Amino acid sequence: MEQKKDIRSLTKEDLREFFLSEGMEAYRGNQVYEWLWRKSVHSFDDMTNLSKELRQKLSDNFAINHIEVDLMQRSVDGTIKNAVRLHDGLVVESVLIPTAKRSTACVSSQVGCSLDCKFCATARLKRMRNLNPDEIYDQVVALDKESRIYYGRPLSNIVFMGMGEPLMNYKNVVSAIGKITSDEGLGISPKRITVSTSGVPKMIRNLADEGLKVKLAVSLHSAIDSIRTKIMPFNAKLNLSDLRESLQYWYSKTRSRITYEYVVWKGINDKESDIQALVDYCKFAPAKVNLIQYNPIDDGSFVQAGSEVVQNYVRTLENNRIIVTVRQSRGQDIDAACGQLANKSNLC
Ligand code: SAH
């Protein structure tokens, strides 16, 4: 059987033209667009201001591909992880991280990942495909619903820190952000959205040119090429000096400070020279450092450094007037923490 076109791949203009070509009023296209995005319905039958015939016409021509939350798990610390089934049966994960004041949605951008960070569980799943804009959008909608139900408030922040490398699915991520921030979508301010990347210089430049006003986080983990290449092998091609230039470009265009995500591991990046290299790297463009806790992915070659080493990082960065935060891990008991997303719940 021939697959019907996913109606959410159409723009509002496409929808208006569809109705015109069927001899109907173009404004019907606006109505359908509103149902699909702002109201997020998953069935043509829910479009109650359209006649039965009209709904039938739509379902004869199109499908509404949508996600299904197959399994929701809740951590003892309140973190929620969704196993999200896509229309073709593949599964990704997304996470809701509640704190006293915030509800942060952590969304996936790819099924698996294009990159090969040695310490990340997602990297072990080869990249199957990129997510479509509507699949990213739907994850946000599902987490927003859960935040309202369980925490009595809407989402406050969105981070692209789930499965995948968002800048390797550039077009769809930018399109999803457009829908998430638009008043015709979820109306969430772009300032509350963080795109986290392993560091793809060309795409960082493109994102700077896009003028989206989102925040940028870079998973740095080492400011020394030989070490970074060992733990993030793509760094051999996309090295720290290219990255640095793209980050300087980002700052010159956006005036938005960069966040470096950084895990300190025993025997890998726990020396004074590692700290000094990070301090120097932070001087190229205004930056802040997030020291994140390592979440073991059960192979033992990476071990979180002791708290004295982490404190040494904090002290040295602060002495150099660099803002630094130490982030506790969330949702470890349900494999929902950074780098642990690997579809372990056996749904695939
Ligand atoms: N590809 C993007 C977003 C996904 S990873 C990126 O690399 O930024 C989200 C964050 O989790 C990144 O900073 C990543 O380096 C970090 N991370 C990956 N595996 C981890 C692990 N096992 N423990 C702690 N953080 C990890």
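Which residues is Ser 108 in contact with, leaving aside its neighbours within four places in sequence? Hello everyone, let me start there. The partners of Ser 108 are Val 92, Glu 93, Leu 131, Ile 136, Gln 139, Gly 162 and Met 163, where contact means heavy atoms within 4.5 Å.

Before I go on, a word on what we are looking at. This is a predicted model, in which local features need pLDDT of at least 70 and side-chain atom pairs count only at pLDDT 80 or more, while totals for chains, interfaces and linings use all residues. Residues are numbered from 1 along each chain as its sequence is written, and side-chain values use heavy atoms, with hydrogens and water left out.

Back to Ser 108, then. You will find Ser 108 in the loop between β6 (103–106) and β7 (110–111); helices (H or I, at least four residues) and strands (E, at least two) are DSSP runs, numbered from the N terminus. Ser 108 is buried, with a relative accessible area of 0%. By buried I mean under 20% relative accessible area, by exposed over 50%, and by partly exposed anything in between, with a 1.4 Å probe and protein chains only. What does the side chain of Ser 108 have beside one of its polar atoms? The backbone oxygen of Glu 93 lies 2.6 Å from a polar atom of that side chain, and the backbone nitrogen of Met 163 lies 2.9 Å from a polar atom of the Ser 108 side chain.

Now to the ligand. It is surrounded by 20 residues, and the closest are Ser 196, Ser 198, Ser 219, His 221 and Asn 295; a residue counts as near if one of its heavy atoms lies within 4 Å. That shell divides into eight nonpolar, ten polar and two charged residues. For the record, Ala, Val, Leu, Ile, Met, Phe, Trp, Tyr, Cys and Pro count as nonpolar, Asp, Glu, Lys and Arg as charged, and the others, Gly among them, as polar.

A polar side-chain atom of His 221 is 2.6 Å from a ligand oxygen, and an N or O atom in the side chain of Ser 198 is 2.8 Å from an oxygen atom of the ligand. With Asn 295 it is the backbone that takes part: one of its N or O atoms lies 2.9 Å from a nitrogen atom of the ligand. How much of the ligand does the protein bury? Taken alone, the ligand exposes 530 Å², and the protein buries 97% of that; these areas come from the Shrake-Rupley method with a 1.4 Å probe, and for residues only the protein chains shown count as cover.

The largest nonpolar core has 93 residues, and Met 47, Leu 58 and Ile 158 touch the most other members. Such a core is a set of buried Ala, Val, Leu, Ile, Met, Phe, Trp, Tyr and Cys residues joined through side-chain atoms within 4.5 Å. Beyond four places in sequence, the contacts of Ile 158 are Ala 105, Val 107, Val 140, Ile 180, Ile 188, Arg 192, Ile 193 and Thr 194. Apart from that core lies another, of 18 residues, including Ala 121, Ile 227, Ile 231 and Met 232.

Met 168 sits in the loop between β9 (157–160) and α5 (170–181) and is partly exposed, at 35% relative accessibility.

Last, some backbone geometry. Most residues other than glycine have a negative phi. Arg 255 has a positive phi, near 55 degrees, and so does Asp 335, also near 55 degrees. Are these two buried or exposed? Arg 255 is exposed, at 58%, whereas Asp 335 counts as buried, at 19% relative accessibility.

Methods: Polar contact = N/O pair within 3.5 Å; in protein donor to acceptor, adjacent residues only side chain to side chain.
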